[in-house]
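I opened the model to look up a few things and kept notes as I went. The sequence and structure come first.

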Amino acid sequence: VSDRPLVAVVVFPGSNDDRDAAWALGSVGAEPTFVWHEETSLPGGTGAVVLPGGFSYGDYLRTGAIASVAPVMSAVREFASVGGPVLGICNGFQVLCEARLLPGVLRPNRQLEFVCADASLLVEVADSLFLRRCTIGQELVIPVKHGEGAWYADEGTFVQLAARGQIVLRYTADVNGAMGNVAGVVNEAGNVMGLMPHPEHAVDPLLGSADGGLLLAALVDAAAAHRLGAA
Amino acid sequence: VKATVLVRPKEGIRDVDLEVDIADANAARAEIERMCGELLANPLIESFEIRLGGA
């Protein structure tokens, strides 16, 4: 039995960053375990959940829409409702928005082209569960790769989220037409986060940046705390 | 000249045909509206129209 916090990485049909996420989580101290989308419960002792990038169910209807009602999502919803940390990356972010666990929606990029590049991000809120290893105003470099990553909400929701500190990461430049250059948001309770950039692809300076490791390590911290709290 | 181009799928491209096992038309419509609001359409960015009878 490992002392490392157990982080469940959900695998949907079409997920393709699940193994990268598991490897990266392992590199920052987690014990990752894969959970197939047909499962109706999470493994005992799960401290955090990651919905990885890639695709899901062909992304029919809208990106992440079908996955939002996958059997495993009931367990994810229940886990989140008791304060369990949940991180959605790229397609995982789209799934969480479609599941209404996060506000807004991800629309096709403004330029109607796939974007694959290192993105500069500004940390807007440092007391977030997921950004505790960062400082406000810190600039992170984390790659993006998506065709539908332009976060959008109605104006009233956007203003409310900004006031509540739920907009946690912004691009320093317009990457995809996202409203307010939003790159990442959290739910009102602060234990569910989604972001379009891929922290799991930025955990080694040899690959250009290790900034993603800051987010994932904070998630592992949160996983350890949640596991202790649940014990 | 600035222009806005509204690109919309033609009928049938993204439309969903479905069958609900409810005899009463009003009840069927209510159920389909619920399905649209929860999954088939995202009210934040999409609108929907229901045509009973497949017409």
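The entries below cover backbone angles, the chain contact and the nonpolar core.

**Conventions.** I worked from a predicted model, in which local features need pLDDT of at least 70, side-chain atom pairs count only at pLDDT 80 or more, and totals for chains, interfaces and linings use all residues. Residues are numbered from 1 along each chain as its sequence is written, chains are lettered from A and ligands numbered from 1 in the order in which they are written, and side-chain values use heavy atoms, with hydrogens and water left out.

**Entry 1, positive phi.** I looked up A:Cys90, a residue other than glycine with a positive phi, near 55°. A:Cys90 sits in the loop between strand 4 (86–89) and helix 3 (91–98) of chain A; helices (H or I, at least four residues) and strands (E, at least two) are DSSP runs, numbered from the N terminus. I then turned to A:Leu112, where phi is positive and near 55°. A:Leu112 lies in the loop between strand 5 (105–107) and strand 6 (115–123) of chain A.

Is A:Cys90 buried or exposed? A:Cys90 has a relative accessible area of 5% and is buried, whereas A:Leu112, at 70% relative accessibility, is exposed. Buried means under 20% relative accessible area, exposed over 50%, and partly exposed in between (1.4 Å probe, protein chains only).

**Entry 2, chain A against chain B.** I found 14 residues of chain A in contact (heavy atoms within 4.5 Å) with twelve residues of chain B. The two chains bury about 920 Å² between them, 59% of it on carbon and sulfur atoms. Buried area is the accessible area (1.4 Å probe) that two parts lose on being put together, summed over both. In chain A, the most area is lost to chain B by A:Leu61, A:Arg62 and A:Arg100, together 57% of what that side buries.

I looked for salt bridges (a side-chain nitrogen of Lys or Arg within 4 Å of a carboxyl oxygen of Asp or Glu) and the count between the chains is one. A:Arg62 forms a salt bridge with B:Glu46, the closest N and O atoms being 3.1 Å apart.

The largest nonpolar core has 72 residues, and A:Met73, A:Trp151 and A:Leu169 have the most contacts inside it. Such a core is a set of buried Ala, Val, Leu, Ile, Met, Phe, Trp, Tyr and Cys residues joined through side-chain atoms within 4.5 Å. Helix 2 (residues 71–81) of chain A gives the most to this core, with six residues.

I listed the partners of A:Met73 beyond its neighbours within four places in sequence; among them are A:Phe12, A:Leu51, A:Val95 and A:Leu101.
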